[in-house]
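Me: I have a model open and want to learn how to read it. Can you take me through it feature by feature?

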Number of protein chains: 2
Amino acid sequence: VFVVDPAFEAASAPLASLGLCEARLQLDARFPWLILIPRIPGARELDDLPKPERRRLLDEIVLAGQAVRSMGAALGRPVEKLNIGLIGNHTPQLHAHIVGRRRDDPAWPGPVWGVGRSVDYAEPALERVRAAAIAVLSRPA
Amino acid sequence: VFVVDPAFEAASAPLASLGLCEARLQLDARFPWLILIPRIPGARELDDLPKPERRRLLDEIVLAGQAVRSMGAALGRPVEKLNIGLIGNHTPQLHAHIVGRRRDDPAWPGPVWGVGRSVDYAEPALERVRAAAIAVLSRPA
């Protein structure tokens, strides 16, 4: 049976259940950032997914990228580059990070993972990014 | 017309031309590490690729992951986790990193990008990883 690893709960919040993945909002106001977790018990690596689910994950990563761009626009900070990572060194449950980057963000040009300290969203900004993300994620992938 | 960005030439060497991508060996003996560059002029983001090419990139990323595992085995350091990144903050030409990680590697558990200094391969190890990678990359994706 599939359960989201509790390690995701401290730093992210549930947003939407897509066809394959649970989509979560990373609670870090420095970057518009989504996490996708395929609902496949025991999957750790991309090739643990059967080919149709791998393709579905790819489609949902592209959709999440569009959602991240919409989140950046909602915050008045348009995304200049998407960063996509499937890493899992800390939390092995298969998941993808989709992060919107800008030349003026606090980690540019390095990657975001493990850099600096997370910053909480103010409540109105949180509602804006959540609404922006959900509007895109509600479309078919 | 497609040309590999010269920025890749300092740190990596050509390995194979796959169906979609140029596969290159990252010349850093700390990690078995491949780079895939789709031969699509002007592509910077995943959604700049038409859907069939996106799927082809995914298939070639999975194949590259198998090649990275084979490179780790050839070095006597079996890969424990694959890390996949599409970042492109320094070099915007669309490319994917496929990196083999171990708990005893010098960047664990953080990501490898921008961490520490690259270490040159000794010549026999370079030949071993190159042969291991090419043997896998010669299979159909």
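Reply: Gladly. Keep in mind that this is a predicted model. Start with the lining of the second largest cavity: its residues divide into three nonpolar, two polar and five charged.

Me: Which residues line the second largest cavity?

Reply: Chain B residues. They are Arg30(B), Phe31(B), Pro32(B), Gly72(B), Leu75(B), Arg77(B), Gly100(B), Arg101(B), Arg102(B) and Asp105(B). The volume of this second largest cavity is about 50 Å³.

Me: How do I read the lining of the largest cavity, and which residues form it?

Reply: Read the names and the chain letters together. From chain A come Leu46(A), Leu58(A), Ile61(A), Ile84(A) and Leu86(A). From chain B come Leu46(B), Arg54(B), Leu57(B), Leu58(B), Ile61(B), Ile84(B) and Leu86(B). By class, that lining has eleven nonpolar residues, no polar ones and one charged.

Me: Which elements supply at least two residues each to that lining?

Reply: In chain A, helix H1 (51–74) and strand S4 (81–86) do. In chain B, helix H1 (51–74) and strand S4 (81–86) do as well. H1(B) gives the most, with four residues.

Me: Now helix packing. At what angle do H1(A) and H1(B) pack, and how far apart are their axes?

Reply: Look at angle and distance as a pair. H1(A) and H1(B) pack at about 120 degrees, with axes 10 Å apart.

Me: Which residues make the contact between H1(A) and H1(B)?

Reply: H1(A) brings Lys51(A), Arg54(A), Arg55(A), Leu58(A), Asp59(A) and Val62(A). H1(B) brings Lys51(B), Arg54(B), Arg55(B), Leu58(B), Asp59(B) and Val62(B). Sorted by class, the contact of H1(A) with H1(B) has four nonpolar, no polar and eight charged residues.

Me: What about packing inside chain A: how do H1(A) and H2(A) cross?

Reply: H2(A) covers residues 123–137. H1(A) packs with H2(A) at about 145 degrees, their axes 8 Å apart. That crossing is right-handed. On the H1(A) side the contact uses Leu63(A), Ala64(A), Gln66(A), Ala67(A), Ser70(A), Met71(A) and Ala74(A). On the H2(A) side it uses Arg128(A), Val129(A), Ala132(A), Ala133(A), Val136(A) and Leu137(A).

Me: Last, the backbone. Where are the prolines that follow a cis peptide bond?

Reply: Check omega. In chain A, a cis peptide bond joins Trp108(A) and Pro109(A), with omega about -5 degrees. Pro109(A) sits in the loop between strand S5 (96–101) and H2 of chain A. In chain B, the bond from Trp108(B) to Pro109(B) is cis, with omega near 0 degrees. Pro109(B) lies in the loop between strand S5 (96–101) and helix H2 (123–137) of chain B.

Notes:
Residues are numbered from 1 along each chain as its sequence is written. Chains are lettered from A and ligands numbered from 1 in the order in which they are written. This is a predicted model: local features need pLDDT of at least 70, side-chain atom pairs count only at pLDDT 80 or more; totals for chains, interfaces and linings use all residues. Side-chain values use heavy atoms; hydrogens and water are left out. On a 1 Å grid over the protein atoms alone, a cavity is a set of points where a 1.4 Å probe fits but cannot get out, and a pocket is an open set with protein on both sides within 12 Å along at least five of seven lines; lining residues have an atom within 4 Å of a point. Ala, Val, Leu, Ile, Met, Phe, Trp, Tyr, Cys and Pro count as nonpolar, Asp, Glu, Lys and Arg as charged, and the others, Gly among them, as polar. Grid points are joined across faces, edges and corners, and a volume is the space filled by probe spheres set on the points. Axes are lines fitted to C-alpha atoms, for helices over the stretch in contact, and angles run from 0 to 180 degrees between N-to-C directions. A crossing is left-handed if the near helix is turned anticlockwise from the far one by less than a right angle, and right-handed if clockwise. Contact means heavy atoms within 4.5 Å.
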